[in-house]
Amino acid sequence: MSTRDPGLQPERTALAWQRTGLAAGVVAVLALRNGVLHGALLDLVAGTLLVVVLLMTFILSRVPSGTGTARRLLLATVGAVVLAGVLITVQLLMNPA
């Protein structure tokens with residue numbers, strides 16, 4: 001069995017944050033597009049929140065984990081993602097296709 005190299009864990013964490021940011025960016029573009037095309041205010045707000053998530057994940061991929069800053073950013077990111085999801089869900093329930 002190989003020994004664990006602790007030097008790789010921060011790199012894996014940074015890559016995971018980059019993938020999360022990419023996913024948030026894609027959903028942000030789709031939400032903003034829908035908001036502009038259909039005048040959906042909730043989608044515009046959700047898309048804006050997801051752009052903020054994209055920026056926060058960019059920062060999180062460069063901040064050492066375990067610090068107070070990383071914890072606060074993580075909580076803010078989770079809150080923004082949950083709020084964006086709720087807004088998109090409400091928009092879908094208000095205007096079903």
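Which helix gives the most to the lining of the largest pocket? Helix 1 does, with six residues. This is a predicted model, in which local features need pLDDT of at least 70 and side-chain atom pairs count only at pLDDT 80 or more, while totals for chains, interfaces and linings use all residues. Residues are numbered from 1 along each chain as its sequence is written, and side-chain values use heavy atoms, with hydrogens and water left out.

**Confidence**

- The protein has a mean pLDDT of 90, and 93% of its residues reach 70 or more; pLDDT is the predictor's confidence in each residue, from 0 to 100.
- Helices here are DSSP runs (H or I) of at least four residues, numbered from the N terminus.

**How helix 1 and helix 2 meet**

- Helix 1 covers residues 9-38 and helix 2 covers residues 41-60; their axes come within 8 Å and cross at roughly 160°. That makes helix 1 roughly antiparallel to helix 2, a term for angles over 145 degrees. Axes are lines fitted to C-alpha atoms over the stretch in contact, and angles run from 0 to 180 degrees between N-to-C directions.
- The crossing of these two helices is left-handed, that is, the near helix is turned anticlockwise from the far one by less than a right angle.
- In the contact of helix 1 with helix 2 there are 14 nonpolar residues, eight polar and one charged. Ala, Val, Leu, Ile, Met, Phe, Trp, Tyr, Cys and Pro count as nonpolar, Asp, Glu, Lys and Arg as charged, and the others, Gly among them, as polar.

**The largest pocket**

- Its volume is about 240 Å³. A pocket is an open set of points on a 1 Å grid over the protein atoms alone, where a 1.4 Å probe fits, with protein on both sides within 12 Å along at least five of seven lines; lining residues have an atom within 4 Å of a point. A volume is the space filled by probe spheres set on the points.
- Of the 13 lining residues, Asn34, Asp43, Ile88, Gln91 and Leu92 lie nearest the centre of the largest pocket.
- Helix 1 and helix 3 (68-94) are the elements that give two or more residues to this lining.

**The second largest pocket**

- This pocket has a volume of about 190 Å³.
- Among its 15 lining residues, Thr13, Leu60, Val63, Pro64 and Ser65 lie nearest the centre.

Terms used. Parallel < 35°, antiparallel > 145°, perpendicular 65-115°, else oblique.
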